[in-house]
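Below are my notes, in the order in which I looked things up.

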Amino acid sequence: MSLRAHITLAFLVALAIIGIVVLVRRRHLKAKYSLLWLSLGAVMVVIAAVPGLLDWTAERLGIWYQPTLLILLGLALLLLIVVHFSYELTRSENRTRELAEQLALLRLRVTELQQKFDSSADDNDRGSDSSAS
Amino acid sequence: MQDRADNRNSVLVIIPAFNEHETLPSTLAELKHTVPDYDVVVIDDGSTDNTADLAEAHGAICVRLPFNLGIGGALRTGFRFAVERGYGRAIQFDADGQHDASQIAAILAPLDEGADMVIGSRFAGVGDYHVGRSRGFAMGILRWSIQHLAGQKFTDTSSGFRSFDSEMLAMFATDYPIEYMDSAEALVLACRAGFDVREVPVSMRERAGGQASNRSFRLVYHYLRVLVSLANTPRRGPNPKAATP
C-alpha cells in the first residue's frame, strides 16, 4: 500500500476508535461489546502503523493483490462480531421468555391470593363471589 | 384448592390458546361435560382478543402470558404450572375443537401401564386424513428422521393431543423445545432421555378454524428449521429413567 493509503487508514481507524470510546463513556455501549470493536480497530491500527506489514503478510499467504488481505481480515472480524451478536440475542431472548413465563404464573398466584384474602376478609357477608376485576 | 398433596391424583388439562375466542367456549364446555373432575388451565399466549376472559368466564384457570411466545412457550408454561401445583398427570388439548374430549380416557390409559407420555395419533387407527403431495413428502422426511433420532416409530409426530405423567412434566417444565414444531422435537427429546413414549389411535375432528400453513416455500422453511433443531437435539447424559428400573 502507498503511504497515502496508510495515512487514510490510520485516520479512519482513529476516528472509529474515538467514536466507540465516546459511546462507551456515555454508557450507550457496554464495555463487553466495545471490546470486539476495539480489537477490530487495534488490528487496523497495526496495519496502518507498520508499512509493509500488509504487503509482506499477503505475499506469505499467496495473495497477489495485497489490499484483499485487508478486506479479508475486516470481513473475518465482522463475521465474528455478528455471530457473537446472534449468540447474545439468543441468550437474551431465552431470558425474556423465562421472565414472561414466570411473570404469567406469578400474576395468577397474586390474583388467587388477592381473591382468597378478599373472601376471608368478609366471609360473613357474601357466600362466594367470583367477579373481581 | 392448590395444595400440592391434593393434586397428586388429579389430572390437569392444559390448553394453549392464541386468539381462540371462536372455539374456546365450546371446547371448555365439552371438557366440563366429559371430564368434570379435571382441572383445566388455559395458557393465553398473548391473545389480542378476549380469549383469557372467556376462559375464566367458562370456569377455567387462566395463565396470561404478557406477549406471544409461540406454542412451545405456552406449553412450557402449562407444564410449569402443573409441576408447581403438583399434578400427577396432565393432558395437552387443543382449543380449536380438533380434539375429542371423549378420547381422553384412551390417552390416559397407557400411563397406568407405566408410559410417561402418550401421543394420540390420527393415523394409527381408522379414518382417512388427506394431506397434499408436498406436505406428505415433507411429513415423510420428518417421520423418517424422527424414527432414526428417537429409535422408535411414530405415525403422528405433530399431534397436539398428548398425556404426560409427573416425571415427564418435570422434564418438560424446564426443557420443553421452543422452536417451531415443538411437538416433534419433544418426542425425540423424551425418547432420547429414556422416557417411555407410546402412541394410541384416536379419532379427531376436522379443524374448526382452518389455518394450516400450506404455502410450500414456507413449509420447506419450517421443515428445514425442524430438521436443524432435531439434528441438534442434545443427547442427555445420565438417563433419569435408567436409575429407576
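**Entry 1: strand 5 of chain B**

I started with strand 5 of chain B: five of its five residues are buried, so the strand is largely enclosed by the rest of the structure. Buried here means that 20 or more other C-beta atoms lie within 10 Å of the residue's own; 12 or fewer makes it exposed, anything in between partly exposed, and the C-beta atoms are placed from the backbone. Helices (H or I, at least four residues) and strands (E, at least two) are DSSP runs numbered from the N terminus.

Caveat for myself: this is a predicted model, where local features need pLDDT of at least 70 and side-chain atom pairs count only at pLDDT 80 or more, while totals for chains, interfaces and linings use all residues. Residues are numbered from 1 along each chain as its sequence is written, and chains are lettered from A and ligands numbered from 1 in the order in which they are written.

Which way do the residues of strand 5 of chain B point? I find M117(B), I119(B) and S121(B) on one side and V118(B) and G120(B) on the other, and all are buried.

**Entry 2: the partners of strand 5**

I looked up the pairing next, where two strands pair if DSSP finds at least two bridges between them. Strand 5 (residues 117-121) of chain B runs parallel to strand 7 of chain B, with five bridges joining them. One of the pairs I noted is I119(B) with E199(B). Towards strand 6 of chain B the pairing is antiparallel, over three bridges, and there M117(B) stands opposite F164(B).

**Entry 3: the whole sheet**

I then zoomed out. The sheet is open, has seven strands in the order 3-2-1-4-6-5-7 (chain B), and its pairing is mixed. Strand 3 and strand 7 (197-201) of chain B are at the edges; each has a single partner strand, so one side of each has no neighbour in the sheet. On average, neighbouring strands are turned by 20° against each other, direction ignored.

What packs on this sheet? Helix 5 (residues 104-112) of chain B does, touching strand 4 (89-92), strand 5, strand 6 (162-165) and strand 7 of chain B. Its direction makes about 30° with that of strand 6 of chain B. For such angles, axes are lines fitted to C-alpha atoms, for helices over the stretch in contact, and the angles run from 0 to 180 degrees between N-to-C directions.

**Entry 4: cores and contacts**

For chain B as a whole I wrote down nine helices and seven strands, with 42% of its 245 residues buried. Contact means C-beta atoms, placed from the backbone, within 7 Å. Among contacts in chain B between residues at least 6 apart in sequence, 79% join residues at least 24 apart.

The largest nonpolar core has 68 residues, and V13(B) and I14(B) have the most contacts inside it. Such a core is a set of buried Ala, Val, Leu, Ile, Met, Phe, Trp, Tyr and Cys residues joined through C-beta atoms within 7 Å. Another core, of six residues, lies apart from it and includes V13(A) and L54(A).

I also checked A60(B), in the loop between helix 3 (51-57) and strand 3 of chain B. Buried or exposed? A60(B) has 22 C-beta neighbours inside 10 Å and therefore counts as buried. Leaving aside neighbours within four places in sequence, A60(B) is in contact with L28(B), V40(B), V41(B), V42(B) and A55(B).

**Entry 5: where the chains meet**

I counted 13 residues of chain B in contact with eight residues of chain A. Helix 4 of chain B gives the most to the chain B side, with six residues. That side divides into seven nonpolar, two polar and four charged. Ala, Val, Leu, Ile, Met, Phe, Trp, Tyr, Cys and Pro count as nonpolar, Asp, Glu, Lys and Arg as charged, and the others, Gly among them, as polar.

Last, I looked for positive phi outside glycine. R27(A) has phi near 65° and lies in the loop between helix 1 (3-25) and helix 2 (31-49) of chain A. R27(A) counts as exposed because it has 8 C-beta neighbours inside 10 Å. N19(B) has phi near 50°, and its 17 C-beta neighbours inside 10 Å make N19(B) partly exposed.

Definitions and conventions:
Contact = placed C-beta atoms within 7 Å.
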